[in-house]
Amino acid sequence: HPPPVATDKEEQKRLLENRPDQPQNPKVLRIAIIGAPNAGKSTLSNQLLGRKVFPVSKKVHTTRCKAQGVITHEDTQLIILDTPGLTNPLKAKRHNLDEAMLTDPWDSMQHADLVLVLVDVSDRWTRNSLSKEVLKCLSQFPHIPSVLVLNKVDILKKKFLLLEIVADLTEGIVNGKKLEVKSAFKQDSSSSAKSPLQFTEASPSESKVPGSPCGQEENQAQEGSGLDKSSDVGGAGTGEARGPKHYGPKDLKDMTGWPHFQEIFMLAALRGEEVDTLKRYLLMQAKPGPWEFHSDVLTNQSPQEICDNIIREKVLEYLPLEVPYGVTQVTEIWEEGECGELLIVQSLLVPRESHKRMLIGRGGKVIGRIAREAGQDLMNAFLCDVRLKLKVEVK
């Protein structure tokens with residue numbers, strides 16, 4: 001079971017400063033999750049962690065800053081860098097986003113050992129090409145291994161479209177080999193995340209590429225990715241398997257996909273489908289190295305940051321677009337109640353009287369729902385009873 005987040009700011013700070021309780025042969029993997037805004041990065045991060053510490057909402061730019069999640073499993077530590085959606089200066093200006101949102105994803109990439117590129121396959125407008133920002137990011141760090149993760153596969157009614165999507169997003173090449181795609185529908189598949197794909201090597205070879213899942217785990221990792229490879233992936237020692245070439249702005253202009261992904265996974269993060277398969281793969285990719293955090297740490301965020309983010313998530317969810325971005329949050333009370341519960345009182349300051357009316361809702365319905373749902377999420381993060389009271393004022 002993942003550890004809860006400490007409710008006391010000082011205790012969480014102490015935990016973060018604690019020397020990691022290193023096992024004898026520690027392994028570590030730092031994972032950057034990148035993708036267009038709203039691809040489901042935070043949902044996937046929460047599922048991998050097993051507890052909700054990152055805010056999620058259907059509105060873009062719910063994640064405003066980079067935060068880390070920590071998964072400790074036996075001798076291995078995975079550090080997840082949950083990054084804001086990759087955006088450009090023009091859109092950033094439109095949403096009043098601070099400068100950090102443009103630089104944070106790049107910053108995360110510099111510290112990553114592996115990149116997960118998340119694509120929402122339910123979005124018919126964007127699913128057949130990687131955004132220019134994502135391609136730019138991958139081309140700046142071609143030496144970092146990358147994995148393609150197709151999310152929201154359960155929502156896709158026509159599963160055969162996955163063939164097309166994969167071909168477009170990988171430019172027909174995975175792990176240094178050109179792939180011919182054959183359809184292999186399994187009608188009785190119980191899991192909606194299982195894909196109808198079967199990849200056949202165009203040029204098979206006996207050797208394995210370093211870093212590909214091996215042994216018995218190979219079948220599990222491949223099964224989760226929905227890719228049945230008819231033979232081992234070759235290319236070790238050949239020119240193809242060497243690191244990708246450097247791409248200039250001209251190259252990127254005509255590219256829709258990235259031909260250097262090592263693996264493809266297909267999952268439904270919201271429902272948790274196939275997330276465990278991805279997690280097993282990530283644990284296998286970890287390399288020997290010292291842990292960065294004590295095993296009791298789940299995130300590097302303070303309890304107050306988690307609380308603010310989760311309340312903000314609900315405000316984004318239930319209010320029209322222009323309102324939430326103008327809300328200021330002020331925590332007035334944060335203390336332990338008589339029965340050991342956590343008592344939180346927060347004021348939500350809005351710029352206009354009309355916004356106040358919207359946020360309260362008829363008969364207090366909207367603000368009541370926000371407080372109730374945010375309270376539930378905070379209980380999940382802190383593993384204790386939480387009493388949350390919200391007040392709305394015009395600033």
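Mentor: Let's look at an open sheet of three strands, in the order β12-β13-β14, with mixed pairing. Strands here are DSSP runs of E, at least two residues long, helices are runs of H or I with at least four, and both are numbered from the N terminus. Two strands count as paired if DSSP finds at least two bridges between them. The edges of the sheet are β12 (328–336) and β14 (386–394), each of which pairs on one side only. On average, neighbouring strands are turned by 15 degrees against each other, direction ignored; axes are lines fitted to C-alpha atoms (for helices, over the stretch in contact), and angles run from 0 to 180 degrees between N-to-C directions.

Keep in mind that this is a predicted model, where local features need pLDDT of at least 70, side-chain atom pairs count only at pLDDT 80 or more, and totals for chains, interfaces and linings use all residues. Residues are numbered from 1 along each chain as its sequence is written, and side-chain values use heavy atoms, with hydrogens and water left out.

Now for the pairing itself. Where does the mix come from? On one side, β12 and β13 run antiparallel, joined by eight bridges. You can find Thr 328 there, with Leu 349 in β13 as its bridge partner. These two strands form a hairpin with five residues between them, and if you look into that turn you'll spot Gly 340, which has a positive phi of about 85 degrees.

Next, zoom in on β13. How many of its residues are buried? Nine of its nine, with buried meaning under 20% relative accessible area, exposed over 50%, and partly exposed in between (1.4 Å probe, protein chains only). Both faces of β13 are covered. Leu 342, Ile 344, Gln 346, Leu 348 and Val 350 sit on one side, while Leu 343, Val 345, Ser 347 and Leu 349 sit on the other.

Helix α10 (residues 303–318) lies across β12, β13 and β14, at about 130 degrees to β12. Helix α12 (residues 365–382) also lies across β12, β13 and β14, and runs at about 140 degrees to β14. Contact here means heavy atoms within 4.5 Å.

How about the cysteines around here? Cys 307 counts as buried because its relative accessibility is 0%. Cys 384 is partly exposed, with a relative accessible area of 23%. A search of the whole structure turns up zero disulfides, a disulfide being a pair of cysteine sulfur atoms within 2.5 Å.

Finally, step back to the whole chain. It comes to twelve helices and 14 strands, and buried residues make up 51% of its 395 residues. Among contacts between residues at least 6 apart in sequence, 75% join residues at least 24 apart.
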